[in-house]
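The tour begins at a single residue, follows its surroundings, and then turns to the chain as a whole.

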Amino acid sequence: MTQINSAPQTFDIGIGGMTCASCVARVEKALQKVPGVDAAAVNLATESAHVTVSHLGTNEGLLRRAIRDAGYEPLATSDTASMQARGPWTGFAPVAIGLVLSAPLVLPMLGDAFGQHWMLPAWVQFALATPVQFILGARFYKAGWHALKALTGNMDLLVSIGTTAGWLLSVWLWLSAHEGHAPHLYFEGSAVVITLVLLGKWLEARAKRQTTEAIRALHALRPDTAHLMGEDGEQDVPVQEIRVGDMLVVKPGERFPLDGVLHEGQTQVDESMLTGEPLPVSKAMGDSVTGGAINGEGRVRLQVSAVGQETVLSRIIRLVEDAQAAKAPIQRLVDKVAEVFVPVVLGIALLTGGVWLWQGAGVEHALIHAVAVLVIACPCALGLATPAAIMAGTGVAAKQGILIKDAQALEMAHKVQTVAFDKTGTLTVGQPRLVGQTAAPGQAAASMLALAAAVQSGSEHPLARAVVAAAQGMVLPNAQHIQNVQAVPGRGVSAQVGGRELLLGSLRWLHEEGMDPQLWQAELAQFQQQGVSVSALAERTPDGLQGLLLMAFGDEPKAGVREALQALRARGLKLVMISGDNRAAAETMARRLGLRPEDGEVLADVLPGDKAQAVARLREGGRVVAMVGDGVNDAPALAAADVGLAMGNGTDVAMHAAGITLMRGDVALVAAALDISARTVAKIRQNLFWAFAYNVAGIPLAALGYLNPVIAGAAMALSSVSVMTNALLLKRWNPRA
């Protein structure tokens, strides 16, 4: 068991022995009855439970005991991971033994098709079928008994009752037969059904291992050792012993063991397994690198900035694991069906036997038809339909740099009708530069720019960095003379510089504070025609707020954004750009991006705090809205949207608020995220259709006598395998195709 966080506590517990959707429902009920448990989601595909606990007195032992009392084996998550990581033929031995023992029992059936009578003596059939029934089939009796004790049902109970009835009928017919008469026995039906179910479960387990490849591949990116630079020179130490601030050496071709900043050297870095970006990225001194990425041709020194669960790779793994453990809303319908499925099937089987007896059929035929109903009605496929598709979809998306944080976002994304984009950093490069400036009459532009840079010197805002960069080389006021710096969110910043009270920010704010709105009218009109953003520096004096310097900032669209937006429009989506710029500047940039302001695709003059309200207005009328952003001020809007998509090159706050994180700052990934959502939901629906179809078609056919137990067993095994195979087709998805 792994404790992920503390308040509320979240636990992941591996569970052994689950076979179908009814098992899932039973374990969930058992866990939810434990005092202090807020939520419990059990996943049949990962064979694990994700439990949220709010009471400190609810500990590991109580949860494990609840699982064991429900008839299942609580495992450490490391145990389930090692089970999933085994070879392709793991667990095939019981299937092989069953095939060897069942084959001679099936041969007479094949001989009959060619007019040959190869019927084995009854005692030989008994000797071959009994080990299959009670040794290989012991797992079904054990699990079925636990279900009976809990007054519920599951697949194992159906299989054990059905095959035992066939075996007992065969023994009775054999022992009660007249001397010299060879009765038709049904040992082959019971033995073959158990063998086919074992084969189906083995194929299912093999497919499950393929659905978890993405997680295992991410785990494999972490090296076990690192080259630590210490007082005695370079030495190899386990990664677990590395601390923040340590200096590491990374040689050409090695993986970076942890997140950090290049302290010496330059290189090319392959981040494809983390971001899906196929081309290496150049890194120089001062650049950040992510643990798990592959170093190119340069030998570099790295100063560690994050270790353990705080690294980007660990957070990615946690996001993918949480998404795969989560339960999609569509699964609730399946859970309700699973709760009543087995009792209903048992009732149908009893009714089938009774009707056949009433119609005058012998006990033998009535029992065989009832057994066929029990065998074909397997809820395995129902339990696997949704989680198998979600695991395959989230896994292949992670390989392409799309991290889906929860199943609800995955299920909702394909319904999106409107996509809203933050402008700066999402559609544009987000690194504006000063492209023009005009000083007020009587002021020197250079000295005013130096004052503006002094006010902005401590800010990380993109426009502040542009001002500081433009003033590089100028003599700025001494830092001791800069006091009372205060940021006004969405408006600007105020500070005292050398005794002067200065304000720097948007014209809207400065006009509200009393600056003459007629100042710089001609220059403003010219700048706005160019589509640039403007801000101004002003000084508060006894005569009011006096303008000092007007500054114009330009940004550039990201490469490929225009084409990405056209691809989204081709999907029939409405596009909207949300910007804090004035309308003229926002519309000019929108046209460069291929957006249509005349069609309402631009929302301008939107303060950061108002973005969530803008998204709420877009959702009016029931429209499903996705919001794409990257900054701290985008977090409320990302949370307010039906689906939030955060650019992975943005802030952790934005990534936390969003349901989907795009590991590259590439707008083309938005269309890819919507596409994998649509394909995954389509697979879920296909799987549920086939899972229900097998039972809807199979149970009546078995009840009417058109299916014998052997055919029913084959159909039941095939249902689970077909659902898993259909889900695995998602692994071939490639957004570039």
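Predicted model: local features only at pLDDT ≥ 70, side-chain atom pairs only at ≥ 80, totals over all residues.

Next, display the secondary structure around Asp642. The residue sits in the loop that links helix H24 (635-640) to strand S26 (643-647).

Now show the neighbours of Asp642. Leaving aside residues up to four places away in sequence, Asp642 touches Met412, Arg619, Arg623, Val624 and Val625. Two of these neighbours deserve a distance label. Select Arg619: its side chain makes a polar contact of 2.9 Å with the side chain of Asp642. Then select Val625, whose backbone nitrogen lies 2.8 Å from a polar atom of the Asp642 side chain.

The C-alpha atoms of Asp642 and Lys415 are 9.5 Å apart in space, while 227 residues separate the pair in sequence.

Finally, zoom out to the entire chain. How many helices and strands does the chain have? There are 27 helices and 27 strands. The C-alpha trace spans about 125 × 70 × 50 Å along its principal axes. Of the 737 residues, 51% count as buried. Among contacts between residues at least 6 apart in sequence, 70% join residues at least 24 apart.

Switch to a surface view for the last stop. The accessible surface of the chain comes to about 32400 Å², with 57% belonging to carbon and sulfur atoms. Colouring by charge brings up 57 positive and 63 negative charges, whose mean positions are 5 Å apart.

Technical notes. Residues numbered from 1 in each chain as written. Heavy atoms only, no water. Helix = DSSP H or I, 4+ residues; strand = E, 2+ residues; numbered from the N terminus. Buried < 20%, exposed > 50% of the residue type's maximum accessible area, 1.4 Å probe, protein only. Contact = heavy atoms within 4.5 Å. Areas by Shrake-Rupley, 256 points an atom, 1.4 Å probe, with all protein chains shown as cover. Lys, Arg positive; Asp, Glu negative; His and termini not counted. Charge placed at Lys NZ, Arg CZ, Asp CG, Glu CD. Polar contact = N/O pair within 3.5 Å; in protein donor to acceptor, adjacent residues only side chain to side chain.
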